[in-house]
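Dear colleague,

I am passing on the structure below for your own work. After it you will find my notes, with the cut-offs stated where each term comes up.

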Amino acid sequence: MNATLRVTPLPGCESHTLGSHSFWECYVRTLTLTSYHPVGTCAMGSVVDSTLKVKGVHNLYIGDASVIPSLPSANTQALTILVAQKLARHLQYLAYVRHKSCPRQFIWTAQCCLLEI
């Protein structure tokens, strides 16, 4: 087949020899991406507790991918939905406990329950 490796200069790595350790280090540092799935910026345990409440801040909860401590090997969408559902159920529980007189069908509306959580 006479296949050959096409060598094109990688901007920023021209000074390194192709295939050398320093080239691959430059390559990885230059081309590594987050794939738009950043996690761990508000990691559970260090920034938020097990109920997703921010430690040291009154009534502030985080329910997105930032609470996941490390990047999973799969897409983060399903895990983010799970985190959001966990937070939604916890907020629903808090609303129900704090406002037992609030009709059950209105637990999700801010006018009835969630303003005072």
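In this predicted model, Arg29 and Glu25 form a salt bridge, a term used for a side-chain nitrogen of Lys or Arg within 4 Å of a carboxyl oxygen of Asp or Glu, and their closest N and O atoms are 3.2 Å apart. A search of the whole structure finds one such bridge. Both residues belong to helix 1 (residues 21–31), where they are four residues apart, about one turn of the helix; helices (H or I, at least four residues) and strands (E, at least two) are DSSP runs, numbered from the N terminus. Arg29 is exposed at a relative accessible area of 67%, while Glu25 is partly exposed at 37%, where buried means under 20%, exposed over 50% and partly exposed in between (1.4 Å probe, protein chains only).

Residues are numbered from 1 along each chain as its sequence is written. Local features need pLDDT of at least 70 and side-chain atom pairs count only at pLDDT 80 or more, whereas totals for chains, interfaces and linings use all residues, and side-chain values use heavy atoms, with hydrogens and water left out.

Helix 1 also contains Val28, which is partly exposed at 47% relative accessibility. Together with Trp24, Tyr27 and Leu31, Val28 makes a nonpolar surface patch of about 370 Å²; patches consist of residues with over 30% relative accessible area and no salt bridge, like charges being joined within 9 Å and nonpolar side chains (Val, Leu, Ile, Met, Phe, Trp, Tyr) within 5 Å.

Apart from neighbours within four places in sequence, Val83 is in contact (heavy atoms within 4.5 Å) with Leu52, Gly63, Asp64, Val67 and Ile68. Thr76, in the loop between helix 1 and helix 2 (77–98), is buried at 6% relative accessibility, and with neighbours within four places in sequence again left aside, Thr76 is in contact with His37, Val39 and Leu71.

For the protein as a whole, there are two helices and zero strands, and buried residues make up 23% of the 117 residues. Among contacts between residues at least 6 apart in sequence, 32% join residues at least 24 apart.

Best regards

Key
Areas by Shrake-Rupley, 256 points an atom, 1.4 Å probe, with all protein chains shown as cover.
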